[in-house]
Amino acid sequence: MEAFEETEVTRQRIDSIKSLREKGIDPYGGRYERSHTTARAIQLFLDSEDPSAEKFESPPVRLAGRLMGKREMGKAIFGDLHDLDGHVQLYFKKNDFTPEVFEEIVKALNLGDIIGVEGPLFRTRTGEITLHVREVTVLSKVINNLPPLKETTDEAGHIHRFFQFADVEMRYRQRYLDLILNRDVRDHFRKRSRMVSIFRRELDQMGYMEVETPMMHHIAGGAAARPFITHHNALDIDLYLRIAPELHLKRLIVGGMEAVYEINRNFRNEGISIKHNPEFTMLEAYKAYGDRDTVMELCEHLVSTAVEDMFGGHQVAYQGITLDFKRPWKRISMIDAIHEVVGIELDLHAPLADLLEKTRGLGIDTTDLTTHGKIINAVFEEKVEESLIQPTFIIDYPTEISPLARQKKDDPDLVERFELFIYGRETANGFSELNDPAEQYRRFEEQLAQRQGGDQEAHPMDLDYVNALRCGMPPAGGIGIGIDRLAMILTDSASIRDVILFPLLRPKE
RNA sequence: GAGCGGAUAGCUCAAUCGGUAGAGCAGCGGCCUUUUAAGCCGUUGGUUCUGGGUUCGAGUCCCAGUCCGCUCACCA
């Protein structure tokens, strides 16, 4: 049986909880009706305050939250009550309570306790709006000794912390503590949620229908990545956690659902880094009768609307750089971007040897690169990507690295595809969907050959998907937007772990 | 997967050349009825990440391992 190792402090707390119970006080109180949040209570006070009055008091309010500061002054005690929106100072006066309540409840309050308080708001001598507590209800006593929260906010609104809960590992493992103690963390996740709800709102308004497709796949397709494998006992079959919802969403397009989207998790069995978590969230959207440009505009619309709604403008500060989302964003082909940044002109149709000759001296390992498309893509990824700081659409990708995309009419070696880069990171990807079943079958066969040649991430054959195309899929545009990556930008987070509530970590011990 | 760095009290961190593990905050007790990083007095709290080794003596030096961070690789 696993158990907690109690410290002196936790033992004391457990004992005091027991003695509260013995006195008929529930240390884990139930439902508590609040009249306001702390922020709204303060606003109410400011709205109704009569500055000419000698001593102004608001009508009583009922608030609930976590006690994060306690300053004992003998027969008076000050505290800080924190809730989701903000915090307010509490003032307890000994005379306001029976001696028992003051000793056993008020004085016995620990940092981190969750309480309900009722009373009028007033201003202290130093001008701070403060709740004069007339009634206190214990809602949850803490056992653990929470790290101290000591901070001030200056006039510009900057938080100055004197002690912090900063251990990165502990912050991720015990995110609840991180959320309690680091208010900006809570704010990040609120922003992320806001961004997602703006996307939903816009897509819904445009007539897209939100759907949910399987997370467990028989064939891990729709992207180039290694999957996680799991097992279903009753059917006794291995299944893959999906690496992308793409092929299922397009089956829905075949089925006549003309505009669909899904916001959900993908799982890729790859490395973990500042930009990668094994499970990450993707928005994918498909529009029948559209094409690459339809979804490129959708992408631009969604992201710039989120930026404008959240920041009131089109500029976002990210890691000390100003990102400008004013539309339209730059659009440039992959070949032209390489020319612009690296200064060499690559020709997709030149003999392979010529292409290799031109890329010599760039410091790119070309030993495993067997096709024009892979070479050009490697040059782009290694030499161009990191320079794409401002939002930029790269268009016209080599067909060889885009097995699900429709070829350009005037050049079958290129597809109608775009990727969005922000701060040198791929943030979205979209294309005109390939709806020719024979061509799709040929592409899968090509991928299969690459897989047999050792490319573990080459796309597997999916005959059922080809069969869907044989039933007729309208031309369509499809897009995937990396929600976590975008959330990083909009919250000025350096690491993807700062926008994922519970990032994957190795288990302790 | 590779390289570099880190792990000491509940939290943030010290600890000289290898010589008795400390401070602030939190906790506990006391004083203080408008404080606010409250203050003052007193006090509890340690498997120094784990396991070996060197040494009279290891938080410190050596070896192995665990976990985290950063960089690289793979990828979005």
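Helices here are DSSP runs of H or I with at least four residues, strands are runs of E with at least two, and both are numbered from the N terminus. The model is predicted, so local features need pLDDT of at least 70 and side-chain atom pairs count only at pLDDT 80 or more, while totals for chains, interfaces and linings use all residues. Residues are numbered from 1 along each chain as its sequence is written, chains are lettered from A and ligands numbered from 1 in the order in which they are written, and side-chain values use heavy atoms, with hydrogens and water left out.

**Stop 1: the acidic patch**

Select Asp-365, in the loop between helix H10 (352-359) and helix H11 (372-384). Its relative accessible area is 56%, so Asp-365 is exposed (buried means under 20% relative accessible area, exposed over 50%, partly exposed in between, with a 1.4 Å probe and protein chains only). The place of a charge is taken as NZ of Lys, CZ of Arg, CG of Asp or CD of Glu.

**Stop 2: the whole chain**

Zoom out to chain A. It holds 14 helices and 23 strands, and its C-alpha trace spans about 90 × 60 × 50 Å along the principal axes. Of the 509 residues, 47% are buried. The chain exposes about 25,800 Å², with carbon and sulfur atoms supplying 50% of that area; accessible areas come from the Shrake-Rupley method with a 1.4 Å probe, and for residues only the protein chains shown count as cover. Among contacts (heavy atoms within 4.5 Å) between residues at least 6 apart in sequence, 65% join residues at least 24 apart.

Colour by charge next. There are 64 positive and 85 negative side chains, and the centres of the two sets lie 6 Å apart. Lys and Arg count as positive and Asp and Glu as negative, while His and the chain ends are not counted.

**Stop 3: salt bridges**

Side chains of opposite charge can pair when their charged atoms come close. A salt bridge is a side-chain nitrogen of Lys or Arg within 4 Å of a carboxyl oxygen of Asp or Glu, and by this rule the count comes to 39.

Select Glu-210 and Arg-200, whose side chains meet in a salt bridge at 2.8 Å, N to O. Glu-210 belongs to strand S10 (residues 209-210) and Arg-200 to helix H6 (residues 183-205), so the pair ties together parts 10 residues apart in sequence. Both are partly exposed: Glu-210 has a relative accessible area of 35% and Arg-200 one of 27%.

Move to Arg-201 and select it with Asp-309; this salt bridge is 2.6 Å, N to O. Asp-309 sits in helix H8 (residues 292-311) and Arg-201 in helix H6, so parts 108 residues apart in sequence are tied together. Asp-309 is partly exposed at 32% relative accessibility, as is Arg-201 at 33%.

Then pick Lys-408 and Asp-396, which form a salt bridge of 2.9 Å, N to O. Here the residues are in strand S20 (residues 407-408) and strand S19 (residues 392-398) respectively, so the pair ties together parts 12 residues apart in sequence. Lys-408 is partly exposed at 21%, whereas Asp-396 counts as buried at 10% relative accessibility.

For a network of salt bridges, select Glu-151, Arg-161, Arg-183 and Asp-184.

**Stop 4: around Leu-90**

Go to Leu-90 in strand S3 (residues 87-93). At 0% relative accessibility, Leu-90 counts as buried. Beyond its neighbours within four places in sequence, Leu-90 has contacts including Leu-67, Ile-77, Phe-78, Ile-115, Val-117 and Val-133. Leu-121 is 31 residues from Leu-90 in sequence, with 9.1 Å between their C-alpha atoms.

**Stop 5: backbone details**

Select Arg-327 and Pro-328: the peptide bond from one to the other is cis, with omega near -5°. Pro-328 is in the loop between strand S17 (321-324) and strand S18 (330-333).

Tyr-423 has phi near 55°, a positive value in a residue other than glycine. Look for Tyr-423 in the loop between strand S21 (411-422) and strand S22 (425-432); it is partly exposed, at 25%.

End at Asp-492, in the segment after helix H14 (483-490). Asp-492 also has a positive phi, near 55°, and is partly exposed, with a relative accessible area of 36%.
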